[in-house]
Amino acid sequence: MKATWNVEQVPEGLRVRQVYGFLFDTEGRVLVQDDHGYFNLPGGKPEAGEDFQATLFREAVEESQVEVGTAAYLGYVRVEEPDTEPYAQVRMTARITRFLDRAPDVSTGRLLRRLMTTVDKAPGLLGWGDIGFAQADVAADVARRDLGILLAGPDTEAVYAD
């Protein structure tokens, strides 16, 4: 598999298969889902008629039981796999406005934990390599500049919001 990070808009004709978000709490930490030691950002597959923001809002509630405010577009990962057409995974950022009671993901039935960590530590948990760190850098910049989020310092301890 080949994956490349792009800060431009998704090109016409490149199918978007997933939308994921760097979601920040009031302490400036980002939410990383913990599925028994497998980490991911909240997000998933767009449904018919949904724009990127609507997909992120729905998936954030379904998977992590958080509501978010207006989302900002960050870019996309172009994914190329053998025997398939290339596709895009969109990245967004938003501020968490409310934590709801935890519940199983409506799609999978799994109860995901909500790990709140610093944006600079998230890529290491996600295991996305250099492009993960590049995405986190853009997320931090956009969150600060466009959403007015004060980011947690690098020494901030990660905590579960269960």
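**View 1. Arg145 and Asp146 join their side chains in a salt bridge, with N and O 2.9 Å apart.** A salt bridge here is a side-chain nitrogen of Lys or Arg within 4 Å of a carboxyl oxygen of Asp or Glu. Arg145 is exposed, at 59% relative accessible area, while Asp146 counts as partly exposed at 45%. For these labels, buried means under 20% relative accessible area, exposed over 50%, and partly exposed in between (1.4 Å probe, protein chains only). Please keep in mind that this is a predicted model, in which local features need pLDDT of at least 70, side-chain atom pairs count only at pLDDT 80 or more, and totals for chains, interfaces and linings use all residues. Residues are numbered from 1 along each chain as its sequence is written, and side-chain values use heavy atoms, with hydrogens and water left out.

**View 2. Shared partners tie Glu47, Glu50, Arg58, Glu59 and Glu62 into one salt-bridge network.** Within this group, the side chains of Arg58 and Glu59 meet at 3.0 Å, N to O. Both Arg58 and Glu59 are buried. The whole structure holds twelve salt bridges.

View 3. Strands (E, at least two residues) and helices (H or I, at least four) are DSSP runs, numbered from the N terminus. Asp162 is partly exposed at 44% relative accessible area, and Arg102 is partly exposed at 25%.

**View 4. Helix 1 (residues 52-64) carries a cap at its N-terminal end.** A side-chain oxygen of Asp51 lies 3.3 Å from the backbone nitrogen of Gln53. The 13 residues of helix 1 should span 18 Å, and its end C-alpha atoms are 17 Å apart, which agrees; the expected span is 1.5 Å times one less than the number of residues. Buried residues of helix 1 include Thr55, Leu56, Ala60 and Ser64. The buried residues of this helix pack against strand 2, strand 3, strand 5 (43-44), strand 6 (66-68), strand 8 and strand 9. Just after helix 1, Gln65 takes a positive phi of about 55 degrees.

**View 5. Strand 7 pairs in the antiparallel sense with strand 1 (residues 2-6) and with strand 8.** Two strands pair if DSSP finds at least two bridges between them. Strand 1 and strand 7 share five bridges, with Lys2 opposite Glu80. Strand 7 and strand 8 share seven, and here Ala72 stands opposite Thr93. Six residues lie between the strands of this hairpin, where Asp83 takes a positive phi near 65 degrees.

**View 6. The largest nonpolar core gathers 24 residues.** A nonpolar core is a set of buried Ala, Val, Leu, Ile, Met, Phe, Trp, Tyr and Cys residues joined through side-chain atoms within 4.5 Å. Phe22, Phe24, Val30, Val32, Leu74 and Val119 touch the most other members. Two or more residues each come from strand 2 (15-24), strand 3 (30-35), strand 7 (72-80), helix 2 (122-126) and helix 3 (129-147). Helix 3 gives the most, with six residues. A second, separate core of 17 residues includes Val19, Leu56, Ala94 and Ile96.

Methods:
Contact means heavy atoms within 4.5 Å. A polar contact is a pair of N or O atoms within 3.5 Å; within protein, one must be able to donate a hydrogen and the other to accept it, and residues adjacent in sequence count only if both atoms are side-chain atoms.
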